[in-house]
Amino acid sequence: MELAEFAASINEHGAVMKTIMTLFFICAAVVCGFFVVSMMPQNREKLNTKNPNAEQLDRLARRDSSDRSQRSRNNTGPKVGEIAPPFKLKSFDNQSETELASFRGKIPVVLIFGSYT
Amino acid sequence: MYQAYKDVAEFRMIYIKEAHAIDSTAPHESAREKGILNHKNKEQRCATAKMLIDDESLTIPTLIDSMNDAVNHAYRAHPDRIFVVRTDGRLGTAAMPGPAGFEEGIKDAEAWLFEFKNSGVEPEIPGELLEAAVTKEKEAASKQESETSKKNS
């Protein structure tokens with residue numbers, strides 16, 4: 001009887017050990033996979049970089065001027081490279097007036113056109 | 001974007017005629033909620049612009065297009081559009097108009113500003129585009145010159 005219990009106990013422990021070993025190998029495979037991917041040249045560069053804007057840099061670098069030009073070429077109205085149409089407009093509160101030409105030679109200007117709806 | 005780059009570029013929002021006013025052909029729900037009609041005069045246009053600025057807590061300096069929509073037409077900006085104007089007066093970016101173009105336009109403008117801020121140099125205009133623009137300007141100048149000489153003779 002004792003021998004039978006002992007044999008059953010060994011079988012039970014064997015199953016537990018098998019499960020533990022399986023989990024161990026799965027974890028090891030995941031860790032190895034992560035290590036291999038992180039050591040790929042493009043990712044190694046990201047890991048090593050000290051620039052907090054690395055992600056932004058990567059995103060912006062992909063939007064090069066040729067993309068912008070292509071979009072501009074397909075547009076209606078003024079295109080990249082053309083002189084921006086001149087204007088002189090008042091502020092919404094009528095307190096000041098802005099002339100586009102006043103920025104020339106000094107600072108770039110971002111013009112955002114829109115309405116409420 | 002405004003907060004990130006206002007130290008290297010001027011920003012101006014140009015409030016133009018409403019895209020989806022209640023009395024337009026394609027009224028928008030927000031227009032009904034806010035009672036926004038097509039502007040009949042400059043005061044109405046300024047009042048709606050102020051409502052937008054207050055509701056959205058906008059801090060970008062806002063200009064109002066004239067009632068003949070001159071700037072809107074010159075830039076083909078309706079319903080919304082974004083441009084970057086270089087210090088030489090030429091366009092550095094020119095997005096497509098409309099919501100889809102606007103989203104891309106924001107990204108283009110941000111990429112332009114990012115490059116400018118980090119390098120200190122304005123991104124170059126691709127040669128072929130600059131050449132096309134200069135040719136167009138020369139043609140316009142020549143046309144104007146011939147019209148002037150016709151008038152004088």
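Student: In which sense do strand β1 of chain A and β2(B) pair, and over how many bridges?

Tutor: Please keep in mind throughout that this is a predicted model. Strand β1 of chain A, residues 88-91, pairs with β2(B) in the antiparallel sense, and the pairing runs over 2 bridges. At the residue level, A:Ser91 has B:Leu63 as its bridge partner in β2(B), while A:Lys90 is partnered by B:Ile64 of that strand.

On the chain A side, β1(A) also pairs with strand β2 of chain A, residues 97-99, in the antiparallel sense and over 3 bridges. Within this second pairing A:Lys88 stands opposite A:Glu99 of β2(A). The two strands of chain A form a hairpin with 5 residues between them, and A:Asn94, which lies in the turn, has a positive phi of about 65 degrees. To place these strands in their chain, chain A holds 4 helices and 3 strands, and along the sequence these follow the pattern α-α-α-α-β-β-β. Of the 117 residues in chain A, 19% are buried.

On the chain B side, β2(B) leads us to a helix, for the buried residues of α3(B) pack against β2 (62-64) and also against β1 (10-15) of chain B. Helix α3(B) spans residues 42-56, and its 15 residues reach 21 Å from the first C-alpha to the last, close to the 21 Å expected at 1.5 Å a residue. Its buried residues are B:Arg45, B:Thr48, B:Ala49 and B:Leu52. These four residues lie on the same side of α3(B), because they cover an arc of only 100 degrees around the axis. As a general point, an α-helix has 3.6 residues a turn, so residues three or four places apart point the same way. The face of α3(B) turned away from the buried side carries B:Glu43 and B:Asp54, both of them exposed.

The loops on either side of β2(B) deserve attention as well. Most residues other than glycine have a negative phi, and most peptide bonds are trans. B:Ser57, however, is found in the loop between α3 and β2 of chain B, and has a positive phi of about 50 degrees although it is not a glycine. B:Ser57 is exposed, with 6 other C-beta atoms within 10 Å. In the loop between β2 and α4 of chain B we find B:Asp69, whose phi is near 55 degrees, again a positive value in a residue other than glycine. B:Asp69 counts as partly exposed, having 13 C-beta neighbours inside 10 Å. Further along, the loop between α4 and β3 of chain B holds B:Pro79, and the peptide bond from B:His78 to B:Pro79 is cis, with omega near 0 degrees.

Helix α5(B) itself has 21 residues and reaches 30 Å from its first C-alpha to its last, close to the 30 Å expected at 1.5 Å a residue. Among its buried residues are B:Gly105, B:Ala109, B:Trp112, B:Leu113 and B:Phe116, but also charged ones such as B:Lys107 and B:Asp108. Just after α5(B), B:Gly120 takes a positive phi of about 80 degrees.

How values were computed:
Residues are numbered from 1 along each chain as its sequence is written. Chains are lettered from A and ligands numbered from 1 in the order in which they are written. This is a predicted model: local features need pLDDT of at least 70, side-chain atom pairs count only at pLDDT 80 or more; totals for chains, interfaces and linings use all residues. The expected span of a helix is 1.5 Å times one less than its number of residues. A residue is buried if 20 or more other C-beta atoms lie within 10 Å of its own, exposed if 12 or fewer, and partly exposed in between; C-beta atoms are placed from the backbone. The arc is that of the directions from the helix axis to the C-beta atoms. Two residues are in contact if their C-beta atoms, placed from the backbone, lie within 7 Å. Two strands pair if DSSP finds at least two bridges between them.
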